[in-house]
Amino acid sequence: MKNFQWDRLAGIYRITIGCIFAALFYYLYLVASQLQIDYFDSFVNFLNARAVGLRNGALYFWKPGPVWPLILSPVFFIESFFPSTGLAFTASHFVAVSFYGLLVFIFYKHLRLFFNTEISLTGTLLFSLNPSLIHYAPFGKEDIPATFLTALTFYLYLKSSSQRTLKNYWWVCLGITSSMAARYNLIPLLFAVIGSYEIFEKWMALASKKKSWADILNDLPRKFIFFAGLPLLLFFLIPVLLFPYLGISSVLNAPQKFINYLLLQYKFNSTPEPASLAYVFMLRACTWPILLLSAVGIVRGVLEKERRFLFYGLWLAIFFLYQTYLIGPKEVRYLFPLFPAFYFFVSLGAKTAWDLLHQKLNLPGITLKRAAVLGAMLLVMTILPLKKTVAVCTNFLNQVYPPDSLNNVSL
C-alpha cells in the first residue's frame with residue numbers, strides 16, 4: 001500500500017476545509033449585500049443603534065441589551081451623511097456576518113487549547129455548518145454577537161487560569177461585562193459557570209494536595225473582584241454613561257431606570273412554553289449524527305475526569321438547564337450560547353471515533369486505506385448537517401421568504 005506523507009495529506013485537508021469556509025463566507029456576505037428583510041428584533045437593534053449614532057433618545061427602546069446597538073451605531077452615524085441610501089441596513093448585515101466569522105474563529109481557538117490542528121478544523125467545520133447558526137448569521141439580531149462574546153469570555157478565562165496576570169484578569173472582566181450587556185439572560189449564567197468551575201477546581205486541588213487552603217484563600221479576593229465585583233460595576237456604568245448621553249435620564253437616575261428595564265425584560269420572559277421544545281430544537285438544529293458524536297465525547301469526558309472537560313461540561317449543562325427550564329420563551333437562538341460547549345464534545349467524540357477506528361482497523365502510518373477511512377468518517381458526520389445547511393442557504397435565494405420558511409430552517 002502506497003504511503004503518503006502526513007504533511008502532504010494534512011495540508012490537502014486544511015486547504016479543503018479552508019475552501020469550504022471561504023465559499024460559505026463569500027455566500028453569506030453576498031446574502032448580506034442583497035438582504036431586503038429582517039426580524040422585528042433586528043429593527044429594534046437598528047433603532048437603538050440609530051438613537052446612539054444620532055444622539056436621539058426618543059428612538060431608544062428598552063428591550064435589547066446595549067452592546068450590539070453600540071457596535072452598530074457608527075454605521076448609522078455615517079448614514080446620516082448619506083440619507084435614503086440604505087447604507088446602515090446593508091452594513092449592519094455585513095457586520096453581523098463578520099461576528100459569525102469571529103464566533104467560528106474563537107471556537108477554533110477553544111479547540112486548539114486541547115486538540116491538534118486537524119481535529120480542531122474538523123470540529124470547527126461541523127460547528128460552522130450548523131444550519132440554525134447559518135440562518136441567523138446575516139440578520140441583525142444580537143444572538144450570534146452575544147454567543148461570540150460568551151465564547152470569547154470563557155476562552156480568556158481558561159487562558160487566565162494558566163497565565164494568572166493582571167492583564168488577563170482585566171480581559172476576562174471586560175468579557176463578562178460585554179456578554180451581560182449583549183443579552184441580559186446571560187447575567188446569571190456567566191457567574192454560575194465560572195463560580196461552579198472555581199469551586200470544583202479548588203476542591204480537586206485540595207483533594208490531590210496540589211494546593212493548600214492558604215494558596216486558595218490568597219487568590220480568592222482578586223478573582224472575586226475581577227470575575228464578579230468589577231463586571232457588575234462596569235455593567236451598571238454603561239447606562240450611567242449612555243442614558244445621559246441620549247437624554248433619557250440623569251446620571252443619578254440612570255441605574256434605577258436600567259433596573260426597571262431589566263425587570264421588564266424578566267416579565268417579558270416569564271411566559272412559559274414546554275421545556276420539550278429545547279430538546280426538539282437541539283435535535284433539529286444539530287442532527288442525530290452530531291448528537292451521537294457529542295454523546296460519545298461526553299462519555300469520554302466523564303470517564304477521563306479531566307479538568308478541561310469539566311469546564312465545558314458545566315458550560316453545557318448550566319446553559320441548557322437554564323434556557324430549558326428557567327426561561328419561559330423557547331427559541332433555538334436562545335440555545336446558541338451553549339453551542340460552543342456542545343460542539344467541543346462533538347469534536348471530542350470525533351477524535352474518539354477516529355482513535356477507535358485506527359485501533360480496531362490497525363492502520364499503521366498514513367496509508368491510502370487510512371485516508372479513505374478518515375474520509376468516510378467525515379462523510380458520515382457531515383452528510384446530514386450539510387444537507388440541512390444547503391437547504392438553509394437555498395432559502396436565502398428568495399428575495400422575500402415565503403411565510404412558512406422559518407419552519408424549514410431547523411427551528
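How do the residues of the lining of the largest cavity divide into nonpolar, polar and charged? The structure is a predicted model, in which local features need pLDDT of at least 70 and side-chain atom pairs count only at pLDDT 80 or more, while totals for chains, interfaces and linings use all residues. Residues are numbered from 1 along each chain as its sequence is written, and side-chain values use heavy atoms, with hydrogens and water left out.

A search of the whole structure finds three cavities of 30 Å³ or more. On a 1 Å grid over the protein atoms alone, a cavity is a set of points where a 1.4 Å probe fits but cannot get out, and lining residues have an atom within 4 Å of a point. The largest cavity holds about 150 Å³ of space, a volume being the space filled by probe spheres set on the grid points, which are joined across faces, edges and corners. Its lining comprises 15 residues, with Lys63, Pro64, Glu142, Arg183 and Gln265 nearest the centre. To the opening question, the answer is an even one: five nonpolar, five polar and five charged. Here Ala, Val, Leu, Ile, Met, Phe, Trp, Tyr, Cys and Pro count as nonpolar, Asp, Glu, Lys and Arg as charged, and the others, Gly among them, as polar. Helix H2 (residues 40-54) gives the most to this lining, with three residues; helices are DSSP runs (H or I, at least four residues) numbered from the N terminus.

Turning to helix packing, helix H4 (residues 87-112) and helix H7 (residues 143-162) have axes that come within 9 Å and cross at roughly 25 degrees. Axes are lines fitted to C-alpha atoms over the stretch in contact, and angles run from 0 to 180 degrees between N-to-C directions. H4 and H7 are therefore roughly parallel to each other (angles under 35 degrees count as such, and 65 to 115 as roughly perpendicular). By class, their contact (heavy atoms within 4.5 Å) has 13 nonpolar, two polar and one charged residues.

H4 also packs with helix H5 (residues 117-128), at an angle of about 145 degrees and with the axes 9 Å apart. The contact of H4 with H5 divides into nine nonpolar, five polar and one charged residues.

Finally, the axes of helix H10 (residues 213-246) and helix H11 (residues 254-268) come within 8 Å and cross at roughly 115 degrees, so the two helices are roughly perpendicular to each other. Phe235, Phe236, Pro239, Val240 and Phe243 of H10 meet Ala254, Pro255, Lys257, Phe258, Ile259, Tyr261 and Leu262 of H11. This contact has eleven nonpolar residues, no polar ones and one charged.

Technical notes:
Parallel < 35°, antiparallel > 145°, perpendicular 65-115°, else oblique. 1 Å grid on protein atoms, 1.4 Å probe; cavity = no way out; pocket = protein on both sides within 12 Å on 5 of 7 lines; lining within 4 Å.
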